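Hello,

Here is the structure I promised to pass on to you. Have a look at it, and then read on for what I found.

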Amino acid sequence: MTRQVLLLISVLSLCSVHGQVSYSIPEEMVKGSLVGNIAQDLGLDIKRLKSGKARIYTGDSAEYIELNKERGVLLIKERIDREALCGQTTPCALHFQIILENPMEFYSITIEITDINDNAPVFKNNEIKFRISESAVSGAKFLLERAMDLDVGINGLQSYSLKPSDPFILKLQNQPDGGKIVEMVLQKPLDRESQEHLSLVLTAIDGGEPQLSGIVQIHVTVLDANDNAPVFTQAVYKATLKENSIKGTVLITVSAIDSDEGSNGRIAYTMSNSLDDVSELFEMNRDSGEVTLIGNVDYEKSRQYQIHVQASDDGGLTDSCKILLEVIDTNDNTPAINVMSKSSVISEDIKTGTVVTMINIQDSDSNENGKVQCSINENIPFMIRSTSNNFFSLVTDSELDRERAAEYNISVTCSDEGVPSLSSSVTLTLQISDVNDNAPAFERSSYEAYIIENNTPGLSIFTVKARDADWNQNARVSYILEDSSVNGVSVSSYVSVSADSGIVQAVRSFDYEQIKDFQFHVKAQDGGSPPLSSNVTVKIMIQDQNDNAPQVLYPVQTGSSLVAEMVPRSADVGYLVTKVVAVDVDSGQNAWLSYKLQKATDRALFEVGLQNGEIRTVRQVTDKDAVKQRLTVVVKDNGQPSRSATVNVNVAVADSFPEVLSEFTDFTHDKEYNDNLTFYLVLALAVVSFLFITCLVVIISVKIYRWRQSRILYHSNLPVIPYYPPRYADTLGTGTLQHVYNYEVCRTTDSRKSDCKFARPGSQNVLIMDPSLTGTMQRIQSEKNILDEPDSPLEQKPPNNDWRFNQGQRPGPSGAVGGPEVAMGTGPWPNPPTEAEQLQALMAAANEVSEATATLGPGTMGLSTRYSPQFTLQHVPDYRQNVYIPGSTATLTSNPQQQQQQLLQQQLLQQQQQLQQAAAQQALPPPQAQAQVEPPKAAQTPASKKKSTKKEKK
């Protein structure tokens with residue numbers, strides 16, 4: 001079978017590509033037959049057909065054609081019967097579209113179905129009967145039934161033949177619509193008497209190859225004479241009807257006239273349509289000629305109907321006419337909306353003007369009733385526009401934002417222009433796919449959180465929260481701790497941030513005293529590609545907790561020494577004894593300190609200031625009050641729970657330091673024990689043993705030495721007056737350590753019953769009682785025993801480097817004047833004086849001592865007036881005017897005259913010593929006159945004095 005292909009391609013550009021291709025194929029092709037190479041004809045690549053998901057869209061029609069995307073060809077999917085598809089309509093064609101996506105394109109395809117001679121002409125009835133009067137004249141016409149051939153064109157009905165051809169011949173009349181009227185014409189009169197019945201065969205022949213034909217039997221009965229045939233008033237009758245006309249409507253009435261009378265003049269009307277559906281839609285009244293509607297007329301199926309009517313009398317004479325019925329269209333069909341192709345999901349970053357859906361609208365009505373306009377709902381970023389006849393495209397009109405609308409329900413409404421207008425609508429649902437175009441946003445611009453110190457590591461402090469307006473993976477927020485440092489340490493060693501929940505946890509235990517607050521940055525990052533992020537500043541405020549007890553700065557509590565405050569017995573009420581100084585490293589109310597007297601030797605004597613910690617006397621100090629007073633002060637903070645510290649304050653109620661010294665030697669001290677106690681005990685025993693042996697050797701050596709010296713002095717002829725240079729001390733007041741003063745005291749044999757008291761410089765009012773003090777007192781006692789021997793000479797220590805004084809400061813006779821070198825402070829050690837100078841010095845000292853003794857009053861601290869008259873209460877320094885600075889060995893003195901008083905005391909003491917030494921020398925036996933006098937050895941050089949002093953100390 002040959003196949004014809006017609007190709008016509010036209011391309012239109014309006015948001016999508018349109019092409020039109022036409023093919024021509026015969027009907028009845030077997031399934032799978034090739035229609036055409038659509039890829040080649042459209043100029044498309046095979047890959048484009050695959051990537052574009054090419055498919056055929058036929059609307060509501062059956063699919064006879066299929067697309068092979070692998071080969072790019074069109075194939076027969078179902079057998080095509082042109083007669084069933086198009087009937088008598090020519091040309092017969094299939095119309096469908098090929099849709100491509102990404103980008104969206106469609107092409108119109110038309111396939112013309114050509115006819116083949118597969119249908120033979122047929123008659124509706126197998127036989128035709130005529131009753132013809134014998135009086136029928138030659139030339140009488142008898143209408144025959146027409147044959148019907150479903151084929152068209154050359155394959156349709158072409159000719160008729162009538163056999164036998166006597167006494168009738170066949171006559172054909174062409175009609176304007178292309179049909180033919182078949183008539184049987186009488187050639188010669190009939191003779192009923194000779195032949196009452198005639199049989200003829202009518203054959204219908206088509207023009208196909210091979211030719212096909214159909215036959216019908218014609219039976220003629222010859223009747224008696226009826227010489228007038230019925231005649232219609234019109235050859236053609238015309239009428240109109242609306243397609244929505246109800247059944248039973250009388251459409252038209254035909255009329256015929258017969259001049260005969262009687263039965264020959266009675267006319268009967270019949271419809272001669274054989275194969276079409278006219279008899280199913282219309283009914284002819286046999287007697288009246290009325291045509292009535294008995295079915296439903298549809299304009300969309302047939303716009304015109306032809307009814308062939310035959311009028312016959314009883315004599316067998318007939319006449320024929322034709323009725324033309326025009327169907328008037330009414331707007332009875334709503335537009336049919338067919339979605340050819342659509343995208344269910346589109347990206348929010350799609351460009352404006354992109355086609356998302358293609359729609360085909362079909363309205364079977366005609367003219368204005370078939371014109372359709374489509375619209376969509378307002379306030380959406382889409383628009384609909386017509387691309388070609390009955391084709392519409394839905395395109396984006398503006399930018400999309402999934403965060404504003406994640407889904408659009410687009411209602412497409414199509415209305416025709418009929419009266420009344422009919423419309424139909426369809427709802428398209430478009431999902432907007434997310435694009436990572438929104439960064440995570442924190443709920444706050446900055447965060448502040450509080451945490452109490454001494455927290456447990458891993459404690460959750462608070463949670464940062466960020467939200468991302470995107471969806472799914474793009475909205476999945478992860479929290480990252482930005483790398484930074486706090487006081488030189490990475491912030492990750494302080495806190496950690498949960499990547500999923502944003503919980504900020506403490507990595508360590510915080511100490512408010514070390515760090516009070518710190519800040520860091522947390523980054524919120526989504527899971528998009530590329531990821532977007534934002535930062536927020538987080539400040540952590542650490543709250544103080546009462547975890548530190550108060551610390552006492554003063555008085556200092558040590559295990560090896562004892563601090564005592566001195567209160568004179570003349571102190572009045574409110575006398576400031578000392579002040580307890582304490583601090584608390586906490587802050588706020590946790591650092592508010594209060595002081596309370598917990599224990600005291602005499603509670604009625606002292607009180608402590610609640611806020612300032614000052615210890616003052618409550619009443620007047622009396623002689624009955626104990627010298628040793630021990631106070632226990634509790635320092636408490638204001639935290640919850642409260643913490644406290646205690647301090648022991650030792651107070652000496654006395655007027656002089658020697659009195660305090662004798663009392664405080666009995667103080668017991670707390671001892672500290674440790675794991676090496678045995679080692680220290682053994683070491684102490686060894687040291688004590690060594691010192692004991694050494695002391696024995698030294699004492700024996702000193703005894704021997706002094707015995708020899710006493711023997712030498714006893715046998716000398718001249719009295720020896722030792723020269724003792726004065727003691728010198730630093731008078732500039734620049735030192736921070738305590739000054740050391742040495743005093744030599746000459747006593748009588750009964751002086752052991754007196755107290756030996758040593759004054760200290762006025763720049764210190766705190767007694768430090770060291771454990772070595774006992775040894776010092778023993779050494780002083782041993783020196784005191786040595787001094788009890790009247791024949792024991794005293795050796796002076798060498799002076800320090802600053803021993804030089806001016807004339808007003810030098811001890812000795814007030815009339816003594818030094819040389820220029822001495823006055824300038826640059827002279828060497830003084831030369832030994834002569835005996836005359838020594839006697840003169842003794843006399844001058846005696847005069848001054850007598851004058852000083854006459855001016856002394858009561859209150860000499862228990863000593864005789866001939867010993868140390870300078871130790872009076874008026875010379876005791878005022879220790880309350882000295883300020884002690886905790887942590888420092890410096891002492892500030894507010895009375896600058898104390899140094900001059902100390903210097904005067906030293907000068908008086910030295911003069912007294914010289915006077916007593918002179919009296920001791922005079923008590924020696926007188927020297928022999930006849931003995932040779934040796935030079936006195938009283939005046940020693942500084943070097944010899946230094947050596948003797950060292951031995952004396954040992």
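**Cysteines and a sheet**

Cys414 counts as buried because its relative accessible area is 0%; buried means under 20% relative accessible area, exposed over 50% and partly exposed in between, with a 1.4 Å probe and protein chains only. Please keep in mind that this is a predicted model, where local features need pLDDT of at least 70, side-chain atom pairs count only at pLDDT 80 or more, and totals for chains, interfaces and linings use all residues. Residues are numbered from 1 along each chain as its sequence is written, and side-chain values use heavy atoms, leaving out hydrogens and water.

Which cysteine does Cys414 bond to? Its disulfide partner is Cys374, at an S to S distance of 2.1 Å (a disulfide is a pair of cysteine sulfur atoms within 2.5 Å). Cys374 is buried because its relative accessibility is 13%. The structure holds two disulfides; the other one named here joins Cys86 to Cys92, with S to S 1.7 Å. Both Cys86 and Cys92 are buried. The link of Cys86 and Cys92 is right-handed, with 65 degrees about the S-S bond.

Now to a sheet. Four strands form an open sheet in the order β9-β15-β14-β11, with mixed pairing. Strands are DSSP runs (E, at least two residues), numbered from the N terminus, and two strands pair if DSSP finds at least two bridges between them. Strands β14 and β15 run antiparallel and are joined by nine bridges. In this pair, Ser199 stands opposite His219 of β15.

Enjoy exploring!
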